[in-house]
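Let's take a walk through a protein fold together. Have a look at the sequence and the 3D view, then read on.

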Amino acid sequence: MQSPSRPGRIPRETINGINQALSAGDLTRAVMLIGNLIRAYGIAEIAEETGLSRTQIYRSFSDIGNPLFSSVVRVIGALGYEIRITRRYRKQTDTAPEQPAENPEG
């Protein structure tokens, strides 16, 4: 098994699933998917890397868990990832930044 500080590659589908759940506001699903990753890497290893207790990780990332944001950030970091904030564009009021015009002269 890989060390959490040097995790193996997490499948793109899993990352996409977490991102989609977060974008949709489905925090329960996002926590469940993160919990699945924790169990795949090993709770003891994640606990050691994050400084969280195994019990806290079990409870927080169970199917009924409600982890603190700080716990989520620490676990995601131990898995070799980070959380970023990006602007969400709303159809009615916000627009995406304009793309530069193509140069017709080539």
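## A tour of the helices

Starting at the N terminus, the elements of the protein chain go α-α-α-α-α. In total that is five helices and zero strands. Both kinds of element are DSSP runs numbered from the N terminus: helices are H or I with at least four residues, and strands are E with at least two.

Before going further, a word on where this comes from. This is a predicted model, in which local features need pLDDT of at least 70 and side-chain atom pairs count only at pLDDT 80 or more, while totals for chains, interfaces and linings use all residues. Residues are numbered from 1 along each chain as its sequence is written, and side-chain values use heavy atoms, with hydrogens and water left out.

Now for the chain as a whole. It has 106 residues, and 29% of them count as buried. Here, buried means under 20% relative accessible area, exposed means over 50%, and partly exposed is in between, using a 1.4 Å probe and protein chains only. The chain exposes about 8,300 Å², and carbon and sulfur atoms supply 48% of that. Such areas come from the Shrake-Rupley method with a 1.4 Å probe; for residues, only the protein chains shown count as cover.

**Where α2 meets α3**

How do helix α2 and helix α3 pack, and at what angle? Helix α2 covers residues 27-41 and helix α3 covers residues 43-50; their angle is about 100° and their axes are 6 Å apart. That makes α2 roughly perpendicular to α3. The labels work like this: under 35 degrees is roughly parallel, over 145 roughly antiparallel, 65 to 115 roughly perpendicular, and the rest oblique. Axes are lines fitted to C-alpha atoms, for helices over the stretch in contact, and angles run from 0 to 180 degrees between N-to-C directions.

On the α2 side, I38, R39 and Y41 meet I43, E45 and I46 of α3. A contact means heavy atoms within 4.5 Å. Sorted by class, this contact has four nonpolar, no polar and two charged residues. Ala, Val, Leu, Ile, Met, Phe, Trp, Tyr, Cys and Pro count as nonpolar, Asp, Glu, Lys and Arg as charged, and the others, Gly among them, as polar.

**The buried side of α3**

Which residues of α3 are buried? They are I43, I46, A47 and T50. These residues cover an arc of only 100° around the axis, which puts them on the same side of α3. The arc is taken from the directions from the helix axis to the C-beta atoms. The buried residues of α3 pack against α2, α4 (54-60) and α5 (69-78).

E45 and E49 both belong to helix α3, while T55 is part of helix α4. The table gives how far apart each pair is.

| Pair | Apart in sequence | C-alpha to C-alpha |
|---|---|---|
| E45 and A78 | 33 residues | 9.0 Å |
| E49 and L79 | 30 residues | 9.2 Å |
| T55 and I43 | 12 residues | 9.3 Å |

With a relative accessible area of 32%, E45 is partly exposed. E49 is partly exposed too, at 39%, and T55 gets that label at 42%.

Finally, find S60 in helix α4. S60 is buried, with a relative accessible area of 12%. Leaving out residues up to four places away in sequence, S60 touches V31, G65, N66 and P67.
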